[in-house]
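Subject: Structure handover

Hi,

Here is the structure I promised to pass on. Have a look at it first, and my notes follow below.

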Amino acid sequence: MTGYATAVADLSQGSLQVELRSVNSRFLDLQFRIPEELRALEPVLRELVQARVSRGKVDCRVQWASQHSGERRVALDATEIGRAHV
């Protein structure tokens with residue numbers, strides 16, 4: 001099993017990109033690379049991936065591009081992220 005997926009969501013505050021890469025592995029091994037301002041979303045993302053993937057080494061990279069240059073404050077609704085199709 002190997003796989004790759006990417007998704008981009010254009011939100012009012014900026015653009016959110018999620019990239020998943022997986023390779024075969026006997027157990028589920030999740031690794032996340034998330035900007036500090038989005039670190040609170042990691043548990044939600046972890047639950048979403050675990051609900052759909054039962055095994056493999058999965059790398060999840062999240063990138064955030066703010067619409068407002070220099071602004072570091074981000075307030076995303078985790079329930080909206082949870083409803084997105086991964």
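The protein averages a pLDDT (the predictor's confidence in each residue, from 0 to 100) of 83, and 78% of the residues score at least 70. This is a predicted model, in which local features need pLDDT of at least 70 and side-chain atom pairs count only at pLDDT 80 or more, while totals for chains, interfaces and linings use all residues. Residues are numbered from 1 along each chain as its sequence is written, and side-chain values use heavy atoms, without hydrogens or water.

Helices (H or I, at least four residues) and strands (E, at least two) are DSSP runs, numbered from the N terminus. Where pLDDT is low, the predicted coordinates should not be read in detail.

Now the strands, which pair if DSSP finds at least two bridges between them. Strand 4 pairs with strand 2 in the antiparallel sense over 10 bridges, and glutamate 19 has arginine 61 of strand 4 as its bridge partner. With strand 3, strand 4 pairs in the parallel sense over six bridges; here phenylalanine 32 stands opposite cysteine 60.

What about the loop between strand 4 and helix 2? Glutamine 67 lies there, and it touches Leu11, Ser12, Gln13 and Gly14 (heavy atoms within 4.5 Å), leaving aside residues up to four places away in sequence.

Cheers
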